[in-house]
Amino acid sequence: MSNTTYALLNNSTDNIDMAIPVKEPLSPQSSSVTNTTNVDTLRKSYKQIAIAVALYWFVSITMVFLNKYLLSSKDVKLDAPLFITWYQCIVTVGICAIIGNLNKRVAAFSGFPSFKIDLKIARDVLPLSLMFVAMIIFNNLTLKHLTVSFYMVGRSLTTVANVVFTYIMLGDRTSYRALICCGLIIVGFFLGMDQENTLGTLSLFGALCGVASSIFVALNAIYTIRCLPCVDKNIWRLCLYNNFNACILFLPLMLVFGEIPVVFNYSKLFNIPFWTAMTAAGFLGFSMGYVTGYQIKVTSPLTHNVSGTAKSYVQTLMAVVIYSETKTVLWWISNVFVLGGSGLFAQVRATEMKQNHNSNKSTIDNTNGNSVKT
């Protein structure tokens with residue numbers, strides 16, 4: 001759960017201090033009409049929530065399996081993870097360009113910023129882009145070297161890294177209850193590592209990439225908060241500049257790691273199904289930003305995190321079934337520790353933020369009241 005999500009919790013619809021207006025009793029006819037309207041509104045709301053959750057689950061799960069296919073499938077056989085990630089960034093910039101040029105002609109895209117690259121802004125966003133590039137590199141390396149079923153546990157230390165870096169860089173202290181939740185996640189991670197090793201499916205390099213990915217996900221969240229003012233707090237502009245910088249940063253990395261000759265000698269370089277899958281993965285990567293924001297908008301940040309946790313569990317179950325894997329009881333327990341710790345951490349932080357919000361509001365009300373009396 002990122003700091004951006006923590007901030008959004010203050011605007012959550014889960015507030016409990018709403019004023020209840022007092023109205024005159026309605027006539028039976030008016031009451032019937034009102035009840036019908038309320039039922040219709042409620043149905044519409046449930047429908048929106050169902051669509052938002054379904055979209056988020058579909059895009060997220062499909063993207064994981066498609067990236068796994070591209071990174072380590074026997075059909076693809078392209079040992080160039082940096083190139084695959086670079087192309088996805090190219091697709092994202094291309095989509096931003098298309099939508100940005102249509103925003104004044106298509107009503108659905110009116111809220112999207114016009115496509116324009118300001119090199120000064122690109123330079124200001126560069127620190128975030130470095131974290132972003134490292135994050136997606138290690139994320140894809142984790143997916144390449146670990147099984148999809150273990151992918152969630154392999155990257156589960158993001159919450160722990162988030163707590164550490166928010167304290168070191170932002171001075172934000174974490175409560176003992178939240179730290180206990182982090183402890184559950186750590187236990188689940190190491191138990192899962194032990195069980196993967198017992199099953200003979202553990203890649204130590206993949207596990208280390210998972211830890212590195214967790215670290216850079218946390219740093220990416222912190223630098224996102226710092227760099228948002230550079231783009232007038234517009235998350236889509238930040239997405240554009242982030243991916244634009246990434247397209248440039250990946251080029252020397254591909255050169256250093258010798259991926260350019262590998263790509264040029266690839267037997268399926270002009271294979272249409274290959275490029276279709278590559279482009280689809282890029283489109284899904286771009287779509288994640290939209291479906292995540294949409295789910296938060298129609299539910300709440302806390303519900304979004306609960307949905308994400310449930311999605312991870314379903315994704316794990318699907319991977320075990322699809323790849324016909326056999327897991328031990330302790331392996332499943334490690335997943336329960338990770339998912340339980342993550343879910344409880346989100347709940348604890350949400351509760352604490354509500355308490356802080358209500359406490360600050362009471363302090364302001366008391367201060368205003370004393371000022372009036374004076």
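A surface patch here joins residues that have over 30% relative accessible area and no salt bridge, with nonpolar side chains linked within 5 Å. With that in hand, welcome to this predicted model. One such nonpolar patch, of about 300 Å², is made by Val164, Tyr167 and Ile168.

**Nonpolar patch**
- Val164, Tyr167 and Ile168 together make up the patch, and Tyr167 belongs to helix α6, which covers residues 158–170.

**Helix pair α3 and α9**
- Helix α3 (residues 81–102) and helix α9 (residues 235–256) have axes that come within 9 Å of each other and cross at roughly 150°.
- Because angles over 145 degrees count as roughly antiparallel, α3 is described as roughly antiparallel to α9.
- The crossing of α3 past α9 is left-handed.

**Loop residues with positive phi**
- Asp232 sits in the loop between α8 (204–227) and α9, and its phi is near 60°, a positive value in a residue other than glycine.
- With a relative accessible area of 61%, Asp232 is exposed.
- Ser324 is placed in the loop that runs between α12 (301–322) and α13 (329–373).
- Phi of Ser324 is near 50°, again positive in a residue other than glycine, and Ser324 is exposed, at 62% relative accessible area.

Methods. Residues numbered from 1 in each chain as written. Predicted model: local features only at pLDDT ≥ 70, side-chain atom pairs only at ≥ 80, totals over all residues. Heavy atoms only, no water. Patch = residues over 30% accessible without salt bridge, like charges linked within 9 Å, V, L, I, M, F, W, Y side chains within 5 Å. Areas by Shrake-Rupley, 256 points an atom, 1.4 Å probe, with all protein chains shown as cover. Salt bridge = Lys/Arg side-chain N within 4 Å of Asp/Glu carboxyl O. Helix = DSSP H or I, 4+ residues; strand = E, 2+ residues; numbered from the N terminus. Axes fitted to C-alpha atoms, helices over the stretch in contact; angles between N-to-C directions. Parallel < 35°, antiparallel > 145°, perpendicular 65-115°, else oblique. Left-handed = near helix turned anticlockwise from the far one by under 90°. Buried < 20%, exposed > 50% of the residue type's maximum accessible area, 1.4 Å probe, protein only.
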